[in-house]
Amino acid sequence: TFTSGNVVQTRKWIWRQSELGKTTVDSKDIFFQLVGFDTGEDSPLYKAMTDIESLVINRFQGTCEKYIVDAKNRYIEF
């Protein structure tokens, strides 16, 4: 389930053109959801995660946490 404050946006995917789902200059907590099958350090998914992390840290002076959801790790909480 994706929420914005106390408002549930959707159970599965955020509609990218919604007012609640958009990113603005005032956005502080942003969730990037990437989908892939191979999670090894040489995989395109892992490289994309690393690229996003680098942009968040180096360009926007933010912080970043990475999680992988798979058969062994079925959900995340943050």
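Which backbone oxygen lies 2.7 Å from a polar atom of the side chain of Ser43? In this predicted model, the oxygen belongs to Gly40. Ser43 itself sits in the loop that runs between strand E2 (7–10) and helix H1. With a relative accessible area of 2%, Ser43 is buried, because the limit for that class is under 20%.

The protein chain contains 1 helix and 2 strands. Read from the N terminus, these elements follow the order β-β-α. The protein chain has 78 residues, of which 8% count as buried.

Helix H1 comprises 16 residues, residues 44–59. Three residues of the helix, Leu45, Met49 and Val56, are buried. Viewed down the axis of H1, the buried residues fall within an arc of 35°, so they line one face of the helix. On the face of H1 that is turned away from the buried side, the exposed residues are Pro44, Asp51, Asn58 and Arg59.

Two further residues of H1 fall between these classes. Ser54 lies in the helix and is partly exposed, its relative accessible area being 35%. Ser54 and Cys64 are separated by 10 residues in sequence, and their C-alpha atoms are 8.8 Å apart in space. Glu53 also counts as partly exposed, at 21% relative accessibility; this value lies just outside the buried class, because buried means under 20%.

A search of the whole structure for salt bridges returns 1. It is formed by Glu53 and Lys66, whose closest N and O atoms are 3.2 Å apart. The pair connects distant parts of the chain, with Glu53 in helix H1 and Lys66 in the segment after H1, 13 residues apart. In general, side chains of opposite charge can pair when their charged atoms come close. Lys66, at 31% relative accessibility, counts as partly exposed, as does Glu53 at 21%.

The segment after H1 includes other residues of note. Gln61 is placed in this segment. The phi angle of Gln61 is near 55°, which is a positive value in a residue other than glycine. At a relative accessible area of 37%, Tyr67 is partly exposed. Together with Phe31 and Phe78, Tyr67 makes a nonpolar surface patch of about 370 Å².

Key
Residues are numbered from 1 along each chain as its sequence is written. This is a predicted model: local features need pLDDT of at least 70, side-chain atom pairs count only at pLDDT 80 or more; totals for chains, interfaces and linings use all residues. Side-chain values use heavy atoms; hydrogens and water are left out. Helices (H or I, at least four residues) and strands (E, at least two) are DSSP runs, numbered from the N terminus. The expected span of a helix is 1.5 Å times one less than its number of residues. Buried means under 20% relative accessible area, exposed over 50%, partly exposed in between (1.4 Å probe, protein chains only). The arc is that of the directions from the helix axis to the C-beta atoms. A salt bridge is a side-chain nitrogen of Lys or Arg within 4 Å of a carboxyl oxygen of Asp or Glu. A polar contact is a pair of N or O atoms within 3.5 Å; within protein, one must be able to donate a hydrogen and the other to accept it, and residues adjacent in sequence count only if both atoms are side-chain atoms. Patches are made of residues with over 30% relative accessible area and no salt bridge: like charges are joined within 9 Å, nonpolar side chains (Val, Leu, Ile, Met, Phe, Trp, Tyr) within 5 Å. Accessible areas come from the Shrake-Rupley method with a 1.4 Å probe; for residues, only the protein chains shown count as cover.
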